[in-house]
Amino acid sequence: MTIQKKQDPRAIRSKRVIKAAVAELLIENPDISKLTVQKIAKRAELNRATFYLHFMDIGDVLKQLVHDIFDDLLLEMSPVLQIDNVNNEKQLITFLDYFYKHRKLFTVLFEHPGFKKKSHMILKDSIVIQREREEAVTREITLSMDILAASILGIIMWWLKDGIHFSSEYIANQIIELYR
C-alpha cells in the first residue's frame, strides 16, 4: 500500500496560475520562441524561483499544459463514450464544444505537430470505440480510421480558424453527413 502525499494548495495554485499565464501569453503571441520565464512569472504575478520550483523550463510547462488539456478532454468525453448506443452526433457535439470552449488556445497549439498528433490519436480512438459498437452494422464505404480522424481534425482546425461562426451542432451534422 502506497501512501499518497497530499499536495500543498499553494503549489497547486501556483502551477495553475503559471499554466494560465502561459496560455494567455500564447494566445497574445503564438510564437513560442518569444515566451520567456520572466514574461510568464510577471503575468502569473509570481517570481522566477516559484516557476522553477514547479517546472524545469518552458518546455516542461508546455508539456504539462497540453497533458492537462487532453486529460480534461478525455474526462469530458468519457461519459459520452461509456453510454451504450451513443448517438454519434451527441459524441461529436461534446467533442466540438470542448474545442470551441478552448478555441483561442487550440488555434495556437494546432500549429505544433505534437499537439496535432495527439489530437489525431484521440479522434482515432473515439472512432475505434464507435466502430466497435457498430460492428454488426455493415457499411458500403469503409474509410480508414486514420483518414477519418485526419479529415475530422482538418475540419475542426478550419472551424476554429475560419468558420467559428458555425455552431458545434452544425459542424457535427456536416461531419456526420460527410461520412454517411
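**Basis.** I worked from a predicted model, where local features need pLDDT of at least 70, side-chain atom pairs count only at pLDDT 80 or more, and totals for chains, interfaces and linings use all residues. Residues are numbered from 1 along each chain as its sequence is written, and side-chain values use heavy atoms, leaving out hydrogens and water.

**H1 and H2.** I looked up the packing of H1 with helix H2 (residues 37–44): the angle is about 115° and the axes are 8 Å apart. Axes are lines fitted to C-alpha atoms, for helices over the stretch in contact, and angles run from 0 to 180 degrees between N-to-C directions. H1 is therefore roughly perpendicular to H2 (65 to 115 degrees; under 35 is roughly parallel, over 145 roughly antiparallel, the rest oblique). Contact means heavy atoms within 4.5 Å. On the H1 side I listed residues including Val-17, Ile-18 and Leu-25; H2 brings Lys-39, Ile-40, Arg-43 and Ala-44.

**H8 and H9.** Helix H8 (residues 145–161) packs on helix H9 (residues 168–178) at about 150°, with axes 11 Å apart. That makes H8 roughly antiparallel to H9. Ile-152, Ile-155, Trp-158 and Trp-159 of H8 touch Ser-168, Ile-171, Ile-175 and Leu-178 of H9.

**Pocket.** I then checked the lining of the second largest pocket; among its residues are Lys-19, Asp-68, Tyr-98 and His-102. A pocket is an open set of points on a 1 Å grid where a 1.4 Å probe fits, with protein on both sides within 12 Å along at least five of seven lines; lining residues have an atom within 4 Å of a point.

Notes:
Helix = DSSP H or I, 4+ residues; strand = E, 2+ residues; numbered from the N terminus.
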